[in-house]
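Please look over the two-chain briefing that follows, which is arranged by topic. The sequence and the structure come first, and the commentary comes after them.

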Amino acid sequence: MSRADVLVDADWAEAHLDDPKIVFVEVDEDVSAYDGGHIKGAVRLDWTQELQQPAARDIIDRDDFSKLLSAKGISNDDTVVLYGGNNNWFAAYAYWQFKLYGHTDVKLLDGGRKKWELDGRELVKDVPQRATTSYAAKDADLSIRAFRDEVVASIGAKNLVDVRSPDEFSGKIKAPAHLPQEQSQRAGHIPTAINIPWSKAAADDGTFRSDDELEKLYGQEGFDGGKPTIAYCRIGERSSHTWFVLHQLLGNTDVKNYDGSWAEYGSLVGVPIQNDTSQKDV
Amino acid sequence: MCGAPDQDTLPTLEVSANEAVVHGTVTRGGSPLPGAYVRLLGSTGDFTAEVQTSATGYFRFYAADGDWTLRTLYKGGSVDTTVTAEKGKAVEAAVEVPEQ
């Protein structure tokens, strides 16, 4: 697998907009973004309503993933190109979920919506009509998904990569700075985790750094390529971005995304937490 | 929720004692610039957050005490603005980007 297999640039995308075997999929948390304009022919996936279960805090299961993609008109042999806002966070999360359920050919659009907009490329409001399909998802590939017990057992043993901002890592703030700080869980990070913010892997326009730059970045920050790795953030979407970098771009074999992330870990009773700030905010 | 909230539908600003709000408006030639990307960078240049300006060019961050840089990206370039945030207060920044 190479970078070209998993990542396409805006020029490539523009040249393939009318290819019948390529489906562009916009993934946002804010669904109004798609309504305001999207890449021609792109279908919408709603991260909150469609990729998550409505009641339990979990991703949708295999059957629901099959139903979802069937309804969206996506076939097992289609090439799926994912893109979205927020520097592709939610597109990367969807990418991880597509891989989890065994989709063969899925790619990310480098830079996502932001790069597309900053380039001044065309966005349309027409919603495509795609015939439904009979999509068949595979069993979840749990080699790329970590759960809490494994995370606790990995303290001091595996690379635990905390991809949140330095202030979230230290415990200074509990959520990204564009959000009100109302969360009730404890602040800080998993002991022995290294803090390599997702944003260091991307340029201002949201495109990924080169493989050489990425190798250098993770090496400098103490990432040990010889060890298994678990990436986490607050709710698992920024860590999907880093999972994509470490597993799909750089080819590390044993990399899992902990989608429970800090929202789960920081609320668990009886697990160790490291908080580097002097004021503990209870 | 974890992504950047829609800046068109933000709740009315109420600053709690625990929050250091940085907010403002991006303009071009004196007119509001919707759809610009505003990045909040920490004192060491580290990325902290990013939002897209509303129809009225508005943006808002919940930061922490200290110095911050607002990097505003628009089609054709970017401009940096520095602000100092303080808990319990809302600091306002006016960002003017060059006309094309």
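What percentage of the 100 residues of chain B count as buried? The share is 39%, where a residue is buried if 20 or more other C-beta atoms lie within 10 Å of its own, exposed if 12 or fewer, and partly exposed in between, with C-beta atoms placed from the backbone. This is a predicted model, in which local features need pLDDT of at least 70 and side-chain atom pairs count only at pLDDT 80 or more, while totals for chains, interfaces and linings use all residues. Residues are numbered from 1 along each chain as its sequence is written, and chains are lettered from A and ligands numbered from 1 in the order in which they are written.

**Chain B: overall build**

- Chain B has 0 helices and 8 strands, helices (H or I, at least four residues) and strands (E, at least two) being DSSP runs numbered from the N terminus.
- Read from the N terminus, its elements follow the order β-β-β-β-β-β-β-β.
- The radius of gyration of chain B is 13 Å, close to the 13 Å that the globule rule gives for 100 residues, so chain B is as compact as a globular protein of that length; the radius is taken over C-alpha atoms, and the rule is 2.2 Å times the number of residues to the power 0.38.
- The C-alpha trace of chain B spans about 40 × 30 × 25 Å along its principal axes.
- Among the contacts in chain B with a separation of 6 or more, 57% are between residues 24 or more positions apart, a contact meaning that the C-beta atoms of two residues, placed from the backbone, lie within 7 Å.

**Chain B: the four-stranded sheet**

- An open sheet of 4 strands in chain B has the order β4-β3-β6-β7 with antiparallel pairing, two strands being paired if DSSP finds at least two bridges between them.
- At its edges stand β4 (47-52) and β7 (77-85) of chain B, each of which pairs on one side only.
- Direction ignored, neighbouring strands of this sheet are turned by 20° against each other on average, the axes being lines fitted to C-alpha atoms (for helices over the stretch in contact) and angles running from 0 to 180 degrees between N-to-C directions.
- Strand β3 (residues 37-41) of chain B is joined to β6(B) by 5 bridges and runs antiparallel to it, with Tyr37(B) opposite Leu73(B) in β6(B).
- Strand β6 (residues 66-74) of chain B pairs with β7(B) in the antiparallel sense over 9 bridges; Asp67(B) has Thr84(B) in β7(B) as its bridge partner, and Trp68(B) stands opposite Val83(B).
- β6(B) and β7(B) form a hairpin with 2 residues between them, and Gly76(B) in the turn has a positive phi of about 110°.

**Chain A: the parallel sheet**

- In chain A, 5 strands form an open sheet with parallel pairing, in the order β1-β5-β4-β2-β3.
- β1 (7-8) and β3 of chain A stand at the edges with a single partner strand each, so one side of each is left without a neighbour in the sheet.
- Strand β2 (residues 22-28) of chain A runs parallel to β3(A) and is joined to it by 4 bridges, and Asp28(A) stands opposite Asp46(A) in β3(A).
- In a regular strand the side chains alternate between the two faces of the sheet.

- Ala33(A) lies in helix α3 (residues 32-35) of chain A and counts as buried because it has 22 C-beta neighbours inside 10 Å.
- Not counting residues up to four places away in sequence, Ala33(A) touches Asp28(A), Gly85(A) and Arg113(A).
- Helix α11 (residues 238-249) of chain A has 12 residues and reaches 16 Å from its first C-alpha to its last, close to the expected 16 Å, the expected span being 1.5 Å times one less than the number of residues.
- 12 of the 12 residues of α11(A) are buried, including Trp243(A), Phe244(A) and Leu246(A).
- After α11(A) comes Gly251(A), whose phi is positive, near 75°.

**Where the chains meet**

- 28 residues of chain A are in contact with 26 residues of chain B.
- On the side of chain A that touches chain B, α6 (85-100), α7 (112-118) and α9 (166-170) of chain A each supply at least two residues, and the largest share, 4 residues, comes from α6(A).
- By class, that side of chain A has 11 nonpolar, 8 polar and 9 charged residues, with Ala, Val, Leu, Ile, Met, Phe, Trp, Tyr, Cys and Pro counted as nonpolar, Asp, Glu, Lys and Arg as charged, and the others, Gly among them, as polar.
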